[in-house]
Amino acid sequence: MRHLELTGNKVVADLALTPDGQTLAIAHRTGGIGLYDAVSGKLRRKIPGYCSHLVMRSDGRWLLGLRPGAVVVDLSPVSDLHERIPHSTMILSGEFPDAESVAVVTYDTCHRLKLPDRKGCYARLNRRNEEYWFDEAQIRSPLAMHHIQLIGIGPNGYLFGVEYDYSLAKAQAAIYNLALDEVFALAEIPNQPVGPRVIYRRSNDWFVICTPGELRFFNWSDLSKLTQRQRVPQKRSLFTKVRETLMGPSRSTQLIERYESLPILPVRQVIPCRGVPSTEPLPMAFHPDGQSFLCRGERSTVEWRELNTGSVRASWQFGRAWPRALAFAADGMSALAATNKGTIVFWDLE
């Protein structure tokens, strides 16, 4: 194991390592994003702002910092450019669908935005227009409502989100299809508040919902196996029938009628929080091969688990503060963990 002490001793929210293993990107709880030398720990660049989640493109050229706003950073050695995505609401999730664009999800909208050209010519863009980043083919969800909160992006135009009733007491975790402009499946998630403290991560067909209490794993390929559920007639009291005749169906009744016949996307596995409950989403990271993941175990333990079975391949005990963030190196041969005080631990998996 190798320990790297970062300068500044700031709380780490998330981390990512470039494929060449030379640059370590750290999202600090306060103090923006820092780009560090992965060997010496020296700060190379600092991007101001507040981001608690990082997404790095597979080639290591671009870094996306999320929540509450979003910033795209050019990681090229010859560039020091970064640009904020202008939007008034929290950006919950994002990814790079191709070499020329980035997609981001807010509470009720999915946008596809152009990246700058390879020369990094931000200055050539029209800065007078607040939406100068937005493509002409901007995607706006036709499902946008006050009570729908989108959370993440899936393949083939799928979106994952939550719809609340008026009292915010119950929620339906739903799968949206932008191509068909409809909700066509539900996800098996307990009725619990899903807000800014929830993180969505995806690796190919797998996706995970990270909350302070648990990790819930799903697979988008299960959508092709779902069949329509049999609709069950709802029993209503005489008072309810009279009320609906006079005032129309309630919000709860509308949700029941809307969702009772939709198929349910099953959860593949659940990893609960063990030990003292956290106020932040549980840290996890997908392995580059898409077959396993890292997650936090009891105390300061980090576990390497199989995606399909959930079985533990290996575990490591650091004897330090609980890991706040986890990541794999691009080659999949080593891993990283960040403690609360800014210490980064590198170790080989084999």
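**Reading the strands, helix and cysteines**

Strand 22 and strand 23 form a hairpin with 5 residues between them, and in that turn G290 has a positive phi of about 75°.

User: Happy to start there. What kind of model is this, and how many helices and strands are in the protein?

Analyst: This is a predicted model. The protein has 2 helices and 28 strands, and buried residues make up 54% of its 350 residues.

User: How do you know that strand 22 and strand 23 pair, and in which sense do they run?

Analyst: Pairing takes at least two bridges. Strand 22 (residues 284–286) is joined to strand 23 by 3 bridges, and the two run antiparallel. One of the links to look for is F286, whose bridge partner in strand 23 is F293.

User: What stands opposite F293 in strand 24?

Analyst: That is R305. Strand 23 and strand 24 (residues 301–306) pair over 5 bridges, again in the antiparallel sense. They also form a hairpin, with 4 residues between them, and R299 in the turn has a positive phi of about 55°.

User: Why is strand 23 called largely enclosed?

Analyst: A residue is buried when its relative accessible area is under 20%. In strand 23 (residues 292–296), 5 of the 5 residues are buried, so the strand is largely enclosed by the rest of the structure.

User: Which residues cover each face of strand 23?

Analyst: In general, side chains in a regular strand alternate between the two faces of the sheet. Here S292, L294 and R296 are on one side, with F293 and C295 on the other, and all of them are buried.

User: What makes C210 buried?

Analyst: Its relative accessible area is 1%, and the cut-off is under 20%, so C210 counts as buried.

User: Let's move to strand 8. How do you know that strand 8 is mostly covered?

Analyst: Of its 5 residues (70–74), 5 are buried. A70, V72 and D74 are on one side, while V71 and V73 are on the other. Strand 7 (residues 62–68) pairs with strand 8 in the antiparallel sense over 5 bridges, with G65 having V71 as its bridge partner.

User: What makes helix 1 lie largely in the open?

Analyst: Of the 10 residues of helix 1, 1 is buried, so the helix lies largely in the open. G248, with a positive phi near 90°, follows helix 1.

User: Why does L246 count as exposed?

Analyst: Exposed means over 50%, and L246 has 70% relative accessibility, so it qualifies. L246 lies in helix 1 (residues 238–247). Together with L238, V242 and M247, L246 makes a nonpolar surface patch of about 490 Å².

Notes. Residues numbered from 1 in each chain as written. Predicted model: local features only at pLDDT ≥ 70, side-chain atom pairs only at ≥ 80, totals over all residues. Heavy atoms only, no water. Patch = residues over 30% accessible without salt bridge, like charges linked within 9 Å, V, L, I, M, F, W, Y side chains within 5 Å. Areas by Shrake-Rupley, 256 points an atom, 1.4 Å probe, with all protein chains shown as cover. Salt bridge = Lys/Arg side-chain N within 4 Å of Asp/Glu carboxyl O. Buried < 20%, exposed > 50% of the residue type's maximum accessible area, 1.4 Å probe, protein only.
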